[in-house]
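Student: Show me the model first. Then I will ask where each label comes from.

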Amino acid sequence: MEGYWLFLALLVSALLLGFLSVIFVLVWVLHYREGLAWDGRAAEFNWHPVLMITGFVFVQGIAIVVYRLPWTRKCSKFLMKLIHAGLNTIALTLAIISLVAVFDFHNTAKIPNMYSLHSWIGLIAVILYSLQLVLGFVVFLLPFAPIYLRAKIMPIHVYSGLFLFGTVIATVLMGITEKLIFALKAPAYKDSPEEAVFVNTLGVLVVVFGGIVLWIVTRPRWKRPLEIQQKSGGKREGNEEGATMKDCKDTEKSNLEFSREARKQNLNLDDAGQRSTM
Ligand code: HEM
Ligand code: HEM
């Protein structure tokens, strides 16, 4: 793969930053705040940042880059779709549990719901993410959608996936800032206590993680190459139900069909045809 070492360096950096962000948020709630519990109080709220950063940022980031991993090019597209869809499902599940925690905490403490910009953008992101997941399953995983429809929807799927990932990172930054302003009283946030500096650093880690993921996933040269799939042929999508790890030797004929169809439809092959494994 062209630029393999740069890809590897960026991937390892993203993984380290992602792990570090999860460790930072855990240290924040366990060392500086009230810890973790499910009791309707502050310790229940703390699940909110922990699960959002672990699931909605870190796991979602991995789900997005998974198609780009050069070692998976031997694997069938169906297996890669299962991994992509599975990781996105884990991300959504953690985000929903995290929302239950914050709503439960607010209701117990009689704090109003949904008053902040953070909560508006955050809830919209979770709803749109759920829609993206369901549409992804229906259009790209189940064998019913015709190839021309997959080709039309793929650029929208990629755009909305990246847009949501960016929105989630912005939402995290708003949430972190809000929490620090609410929680730090004496000394206040403006006096830069140790906790504020630590948690600001967490915000920087999350932004750099997001930046690297977006960089990797927007490099056309690191896309799964179409030629590899065309040369080797393989099973059709409709027959893929029983696929397992053994399918790492197979590739799909449907990719060839897809790229023909995309050409027929005059689609931009960089946007659609290159995403060959629909
Ligand atoms: C509240 C979403 C990450 C801090 C909320 C609420 C939603 C939400 C929908 C409203 C709950 C209610 O009204 O009862 C999200 C999403 C996130 C995220 C989608 C990830 C992308 C974070 C993070 C923090 C945080 C990392 C850091 C501590 C807060 C705080 C509240 C809150 C302090 C209560 C105040 C308010 O409603 O704005 N969040 N959140 N959030 N979140 Fe987040
Ligand atoms: C590609 C996001 C769910 C199938 C992508 C890409 C993003 C993305 C950002 C571009 C990746 C790249 O260029 O390498 C999401 C999000 C989802 C989701 C945020 C959930 C909320 C699904 C589901 C499926 C699916 C459930 C069904 C299998 C695909 C396919 C590609 C793709 C086939 C093309 C991969 C390629 O370029 O070869 N998705 N996706 N996605 N996604 Fe999803």
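Tutor: Start with Lys-110, in the loop between helix 4 and helix 5 (117–141). Helices here are DSSP runs of H or I with at least four residues, numbered from the N terminus. This is a predicted model: local features need pLDDT of at least 70, side-chain atom pairs count only at pLDDT 80 or more, and totals for chains, interfaces and linings use all residues. Residues are numbered from 1 along each chain as its sequence is written, while chains are lettered from A and ligands numbered from 1 in the order in which they are written.

Student: Why does Lys-110 count as exposed?

Tutor: Lys-110 has 6 C-beta neighbours inside 10 Å.

Student: What is phi of Lys-110?

Tutor: Near 55°, a positive value in a residue other than glycine. Most residues other than glycine have a negative phi.

Student: How do you know that Ser-192 is exposed?

Tutor: Ser-192 has 12 other C-beta atoms within 10 Å, so it is exposed. Ser-192 lies in the loop between helix 6 and helix 7. Its phi is positive, about 50°, although it is not a glycine.

Student: What makes the peptide bond from Ala-186 to Pro-187 cis?

Tutor: Its omega is near 0°. Pro-187 sits in the loop between helix 6 (147–183) and helix 7 (194–217).

Student: Why is helix 3 called roughly antiparallel to helix 4?

Tutor: The axes of helix 3 (residues 47–65) and helix 4 (residues 77–108) come within 8 Å and cross at roughly 165°. Axes are lines fitted to C-alpha atoms over the stretch in contact, with angles from 0 to 180 degrees between N-to-C directions. Over 145 degrees counts as roughly antiparallel, under 35 as roughly parallel, 65 to 115 as roughly perpendicular, the rest as oblique. That makes helix 3 roughly antiparallel to helix 4.

Student: Which residues make the contact?

Tutor: Contact means C-beta atoms, placed from the backbone, within 7 Å. Among them are Leu-51, Phe-56 and Val-59 of helix 3, and Leu-87, Ile-90 and Leu-94 of helix 4.

Student: How do you know how helix 1 (residues 4–32) compares with its expected span?

Tutor: The expected span is 1.5 Å times one less than the number of residues. Helix 1 has 29 residues and reaches 41 Å from its first C-alpha to its last, close to the 42 Å expected. Its buried residues include Leu-17, Val-25 and Trp-28. The buried residues of helix 1 pack against helix 3 and helix 7.

Methods. Helix = DSSP H or I, 4+ residues; strand = E, 2+ residues; numbered from the N terminus. Contact = placed C-beta atoms within 7 Å. Buried ≥ 20, exposed ≤ 12 C-beta atoms within 10 Å, placed from the backbone.
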